Structure formats: structure tokens, C-alpha cells
Amino acid sequence: MSRLTESDLLAWATVNAQSEDNTVNRPLQPLDPKWVDVILGKGDAIRLKECFEVVYSDKSLEEKLQAFDEIELLVESIDNANDLRPLGLWPKLLKALEFEEDELRMFSLWVIGTAIQNNEKAQQAFYDFEALGHILRALEQDKSIKVRQKALYCLSSAIRQNKQLYDQFVKQDGYQLLFQLFGDADTSIVTRSLFLLNQLLKDETIQQECLSRLGNVPNMILDLIPSINDIALLEEAFAFMVQIKSSGLLPSNAKHILHQKLSDLIEGKEELLHLYALL
């Protein structure tokens, strides 16, 4: 659609202006569709499609990222997120995970995670397009920390409070991958992974199955605690120990190690002390 110019507006106003004699009426000229966009604004469905056209065009990376940013804002609306399927945009979203540019792969995951968050209809589309496998591969294989962070965000949006997607996660060895991430070199990945595990443990409908799959994870987390300097990660580690206490999975030396860690800290103890008191 061509861009509307000031000359176009002036021409239309001139043609459709009434004469000074108000008794003379002229039929209005048909309104060019491009004027509707100016007056009313483009519908969100059109904006979504046009943004995806930019993402898959030969435009600059900056323009593609701007388009993806607009897509992410649009799918914050549940209606727009649900429109991804009838507009045929889910395959494009998943295909974007193959882009060479880290930023584009990251944005694709960001859009997916936002679209399916607390949205059963979008989660069903996510399931039907077998998107979970794409997310787990990105989480396991992608070299970009930012991409893997968004993959965890997407995974959390998918499997929390959705039994169908949780079951698919289990079948695709999702727990094994999640536990592997506790050994990741990047603190943010470990923190997000442990946060997700803690959220799963809080879900009473899957809590027992989750506990049954932990295996050596409590000892793995406990071994990490002395070397952790990040307060956010420490809070997740302490919260995990509280979560597993009632199940009898708390290692016998856990309180001693946590107490020692608290003694070594100078700042950021408040929440940790509260969690420690629950053990």
C-alpha cells in the first residue's frame, strides 16, 4: 500500500469541498483505502502480518528487530496472540529460531513465551505445532546466553499449569535437560532453571512426580551453595531446600552448610534468614 502524502490529502479535500452555494451538493469521491489507515489506524492483524514480512525481508537487522519488538508488544494482547494461528504465523515464529542472528532467535522465543503465557488457546496452538521440541533444542544447543534465557522463559510459560504440555515435557526428557542446566557456567541460566523447578514443586498436581524425579539433585544443589555469590541464586537454592524438606529428601548436612553460608555473607541475608528458619 502506497504512502499517503500531503498532496494526496489536499487533492481529496479540493475535490470533495462544497461550493460556496450550499444548495449545490457534489457526490463524494470514493475514499482511497490508504486514507482509512491514516484515519482509523491499521488493525492489529494487519500490523502483525506486516511486521513478519519485515522480519523475513532483506531489510536491516535493526529494522527486523524493531518489527519483532512490535510483534512482542502486540501479542501481549490475548486476542492478538490467538490470531497468530488463523494468520498462519506460528510456522514463521518457529522458523525464526533458525536465523543466524542471535537477536532474532531470542526475539522469536520472547514472542512465543509472551503469546502462550496464561493463554490456553495459544498454548494449544503451541502444542499442536509441536513447538516444545524447538524450545528444548534451543535451550540445550544454542550458544547464546540471551537465547537460552528466553528459551527458559518460554518453557516456563508453556509447562506451568498446563498438564498437556507438562506431560509432553516429561516425555521429551525435559527434566533431564533441566537438571543439566544446574551445572551451567552462567549464573542467570542456573537461577532461572532452579526457579522453574521450584515453581513445578509448588504445583500440587505434579509435585509428587517432580519429587520422584529429583534423584541426586538435592546434593547437586547443596554442593553449589558454598561457591554461590549471587543472592538471587542463593534465594532459589534455599527455597529449594525448604520445598523438599517435608518429603524427606533434605540431605542430612543441609542445615549445617546453609548456616555456614549465612555466616560468610555480609549483605543480602534477610530473605535467606527467613527461608533458613523454615528448615
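This is a short walk through a predicted protein model, from the whole chain down to single residues. Because it is predicted, local features need pLDDT of at least 70, side-chain atom pairs count only at pLDDT 80 or more, and totals for chains, interfaces and linings use all residues. Residues are numbered from 1 along each chain as its sequence is written, and side-chain values use heavy atoms, leaving out hydrogens and water.

Start with the whole chain. The protein chain has 18 helices and 0 strands. Helices (H or I, at least four residues) and strands (E, at least two) are DSSP runs, numbered from the N terminus. Of the 279 residues, 43% are buried. Buried means under 20% relative accessible area, exposed over 50%, and partly exposed in between, with a 1.4 Å probe and protein chains only. The accessible surface comes to about 15,500 Å². Carbon and sulfur atoms hold 49% of that surface. Such areas come from the Shrake-Rupley method with a 1.4 Å probe; for residues, only the protein chains shown count as cover.

Next, look at contacts, meaning heavy atoms within 4.5 Å. Take those between residues at least 6 apart in sequence: 65% of them join residues at least 24 apart.

Now find helix α3 (residues 44–55) and helix α4 (residues 61–74). Their axes lie 8 Å apart, at an angle of about 150°. Axes are lines fitted to C-alpha atoms, for helices over the stretch in contact, and angles run from 0 to 180 degrees between N-to-C directions. The two helices are therefore roughly antiparallel. Angles over 145 degrees count as roughly antiparallel, under 35 as roughly parallel, 65 to 115 as roughly perpendicular and the rest as oblique. Residues in the α3–α4 contact include L48 and F52 of α3 and F68 and I71 of α4. The contact has 9 nonpolar residues, no polar ones and 5 charged. Here Ala, Val, Leu, Ile, Met, Phe, Trp, Tyr, Cys and Pro count as nonpolar, Asp, Glu, Lys and Arg as charged, and the others, Gly among them, as polar.

Move on to helix α10 (residues 145–159) and helix α13 (residues 187–202). Their axes come within 10 Å and cross at roughly 5°. That makes α10 roughly parallel to α13. Among the contact residues are L152 of α10 and L196 of α13. This contact divides into 7 nonpolar, 4 polar and 2 charged residues.

Finish in the loops. Most residues other than glycine have a negative phi. E130, not a glycine, has a positive phi of about 55°. E130 sits in the loop between α8 (120–128) and α9 (131–141). E130 is exposed, with a relative accessible area of 59%. D173 also has a positive phi, near 60°. Look for D173 in the loop between α11 (163–171) and α12 (174–180).
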